[in-house]
Amino acid sequence: MRKFVSKIKEKRWNVSAQPQIFERWEHEGIYRFDKNSQKPIFAIDTPPPYANAPWHVGGAIHYAYQDFFVRYLRMKGYELLYPMGLDRNGLPVEVQTEKEFGIKMHETPRGEFIQKCEELLSRYGDQILSICRRLGISYNSLEWDEVYKTDQPEYRALTQATIIELWHKGLIYEDDRPNNWCSECGTTLADAEIEYREMETTLVTMRFKVKETGEDLHIVTTRPELLPAIGLVIYHPDDPRYHHLEGKTAITPLFEIEVPIMTDREAQMDFGTGIAMMCSFGDLTDIRLFSERQIPPRYAINAEGRMTELAGKYQGMTVKDARAAVIEDMKEHGLLIKQEKTQHRQPVCWRSKTPIEFIGMKEYYLKQQEFIPILLEYAEKVEWHPPSMKQVWINWLNAVRQDWPISRRRFYGTELPIWYCKRCGFPHLPPPGKYYRPWRDPAPFDACSKCGETKFEGETRTVDTWLDSSISHIYITSHPHNKHDPEVFERILDQNEWEFICSLRPNGIDIVRTWFHYAMLRTEQLYQMSAFQHAWISGMVVAHDGRPMSKSLGNVVDPYDEIEKYGSDAFRLFGALEASHGSNIRYASDRVAGVARFMQKLWSITRYISAFPELTTGFKLTATDKWILAELSQLTQEVDRTYITFDFNPGAKAIRHFIWEVFADHYIELAKSRAYNRENAFTEVEQQSVWYTLHLCARTLLKLLAPICPFITEAIWTQLYSTKSIHLEKFPEPFKDIDPMSIKNTNTIMAINSAIWGLKKQNNRSLRSEMEEICLPTNLMAFSKDLQAMHNAKLVNPTDMPLAEWLESIRRQPSTFLKL
Ligand SMILES: [Zn+2]
Ligand SMILES: [Zn+2]
């Protein structure tokens, strides 16, 4: 008798084989970007992960998901440009450096502080990249596998080149206006960096005096410490309670400052007493009123978040301390009417969660308000995945109220490339192309073009980190190793008909208003086109209970441990299976463990198949073979249809269902006797037909799964089918010569198998035990030989019963049709 020996030797899929597989990919350079390729280029702008902290499982799943598209599109015949970078500029790096080294940026020499930042960045950057490799992320770049960093001189030179270009276009200007200020981070923030939190605060009712009448005036505020910055007192013009006060003067408690009482529609009749004090930089309403009425600003709080000399005896106190002291003093002097706790929507810094102050300061701005209409047009042109995410950006565009403040009083960032003439102060910008450090380097000019002075002063400020990040798509398509590669860049733009730069931007929902928004704004300003054709917006990965993962909650899961334990494929497939695209993923280790069992199932199935020879001729498909191939053909179509929309959830679910519940449970069981043919019940042609079908199924399933599970599919593929990588294969297509109608048999086949298994179990018989007879509707008789062998039945008899009726009766009363 013929012996069948599995070509795949190991019984279990060993996840420790992954690193060698990755090394092989690297060694063979199979993901190399070929700039001479004739295939259409598909460029994906990652965006590069921020390297200020180790990843939790969220970062790992987010980037693994991107790799699904990359591998799929490669199999679909595109030339993939998918560079991996590390974002290494700005506030988050500085804040983390201060924390880890226990230093303060403004108290540390600039060069030394920069060095400490670099130390931290290289540690976390290495960790992130090592997880990328463990995950099998198939990145490349114009120069093969260079990982770019947004703080490398070439990158910063590009950021500066764009600043210089926009400066000459008149899009950057300097202005002294109130800005969002975080005293903790010591920096100006753009509106995009502000979050809102419900916070408890005290509502204080204070006693003012009316100078002319001597009467008391009760005013409610949450910011009594801003009394020294008061500019006026307002009430609503429709509020009859205060009509007699129009044009009179209010005197503040404690400070005894005299200010006019006026009407203004901003006053809320139903808040407090209906009368409000307006202070410089109290909130956005105050700022607008001061500027409309041209009241000179009064600065009560400085950049360190402390009270200025305007606050008199409270000078030097923090805002919080000053508030408490003012309340205490008012109490003592009988000026405090009432105190009550209230909830209040407080703008806070997105990094340190410190309440924002408005501080007047000279900063540089990049124009953005005048670009909102064109950006709204792009919102319609970009293809959003899922489509509902378009609204996230539109909402932000409609909320933008000011230009983008871009200068930062920080150290670890790209420097503003400006030198000022020491005599006349005129700002000079160097030619683009080099990386400039004006705080350190001598000015690259001989003399001031305005006054002839030869001495210059370098700008000390850096720029908002988003100014770097927002050009990553330009960098990756054009700037390998500081050599602008106009050839590839222009080829990409030509191919994209000068409508967009990168084909796809995968983006977390949390950075639509920053990374995505700024990339679109900057591309319009620089190239008058869209940055991207497609935007893929993902939800967040949260803890199993739905709360965000954070150190303080103690629920952070390290991806490295999970990958070690369950393997990258299971980890990746979990990401695809767990949530529909755009929704949050709840991370649960036990569910990853479940996916790892599925990986083992795939291994065992293909190992079983590997015992049979693969044929290309000498077979004639039976009804059973045609049926499973029709099912597989439909699966292929379904998977392809959803993968192309960048949603891998339905495809992954369909593959798992097919493999586990249809192919393994029913087809393999039905075909087993024929594959071995130990009793010679089948012809050689019938036996060879099942061998052919098994291998065709294995090949197709491996390719369908390869984008999501790159390691296990590669391990099986290279042991069974080719020395060449599966990732260089073409994505499968539906079978042309298989009748798709054959899938109508699926339910009946599954129903009869389940009925027989159930009946045998009920009667305490083993599944292989012999049975007398199976009655089949005539149109299922084509499957009789396989069914008879599978269930060890002596006879298969036809019945005239219509299919639907037979199905219903076999469910209710199996013993009528199945005789044990
Ligand atoms: Zn902050
Ligand atoms: Zn000058």
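**Lys353 is partly exposed, with a relative accessible area of 27%.** In this predicted model, local features need pLDDT of at least 70 and side-chain atom pairs count only at pLDDT 80 or more, whereas totals for chains, interfaces and linings use all residues, and side-chain values use heavy atoms without hydrogens or water. Residues are numbered from 1 along each chain as its sequence is written, and chains are lettered from A and ligands numbered from 1 in the order in which they are written. Lys353 is placed in the loop between β13 (336-349) and β14 (357-366), and its phi is near 65°, a positive value in a residue other than glycine. Gln294, in the loop between α6 (284-292) and α7, also has a positive phi, near 50°, and is exposed at a relative accessible area of 71%. Most residues other than glycine have a negative phi. Buried stands for under 20% relative accessible area, exposed for over 50% and partly exposed for what lies in between (1.4 Å probe, protein chains only); helices (H or I, at least four residues) and strands (E, at least two) are DSSP runs, numbered from the N terminus.

**Lys331 lies in helix α7 (residues 319-332).** With a relative accessible area of 46%, Lys331 is partly exposed. Once residues up to four places away in sequence are set aside, Lys331 touches Leu336 and Gln339, a contact being heavy atoms within 4.5 Å. Ala43 is 288 residues from Lys331 in sequence, and the C-alpha atoms of the two are 65 Å apart in space. For scale, the C-alpha atoms of the protein fill a box of roughly 115 × 65 × 45 Å along the principal axes. The protein has 23 helices and 28 strands, and 57% of its 820 residues count as buried.

Because Tyr65 belongs to helix α2 (residues 57-75) and Trp536 to strand β23 (residues 530-538), the pair ties together parts that are 471 residues apart in sequence. Both partners are buried, Tyr65 at 6% relative accessibility and Trp536 at a relative accessible area of 2%. Rings of Phe, Tyr and Trp (its six-membered ring) pair if their centres lie within 6.5 Å, and planes under 30 degrees apart count as stacked, over 60 as edge-to-face and the rest as tilted. Ring pairs join Tyr65 and Trp536 into a cluster that also takes in Phe68, Phe69, Tyr72, Tyr643, Phe646, Phe648 and Phe731.

**Trp419 and Phe445 make an edge-to-face aromatic pair, 6.0 Å from centre to centre and with 80° between the planes.** Trp419 is in strand β18 (residues 419-421), while Phe445 is in the loop between β19 (427-428) and β20 (456-458), so the pair ties together parts that are 26 residues apart in sequence. Trp419 and Phe445 are both buried.

**His534 is in strand β23 and is buried, with a relative accessible area of 11%.** Beyond its neighbours within four places in sequence, His534 is in contact with Val382, Glu383, His385, Ser503, Leu504, Arg505 and Phe646. One of these partners, His385, is joined to Pro386 by a cis peptide bond with omega about -10°. Pro386 is found in the loop between β15 (383-385) and α9 (390-399).

**The peptide bond from Thr46 to Pro47 is cis, with omega near -20°.** Pro47 is located in the loop between β1 (41-43) and α2. Most peptide bonds are trans.

**The largest cavity holds about 110 Å³ of space.** The count comes to five cavities of 30 Å³ or more. A cavity is a set of points, on a 1 Å grid over the protein atoms alone, where a 1.4 Å probe fits but cannot get out, and lining residues have an atom within 4 Å of a point. Sixteen residues line the largest cavity, and the closest to its centre are Gly90, Leu91, Arg408, Val463 and Thr465. The elements giving two or more residues to this lining are α3 (91-101), β6 (187-189) and β21 (462-463), and α3 gives the most, with three residues.

Definitions and conventions. On a 1 Å grid over the protein atoms alone, a cavity is a set of points where a 1.4 Å probe fits but cannot get out, and a pocket is an open set with protein on both sides within 12 Å along at least five of seven lines; lining residues have an atom within 4 Å of a point. Grid points are joined across faces, edges and corners, and a volume is the space filled by probe spheres set on the points.
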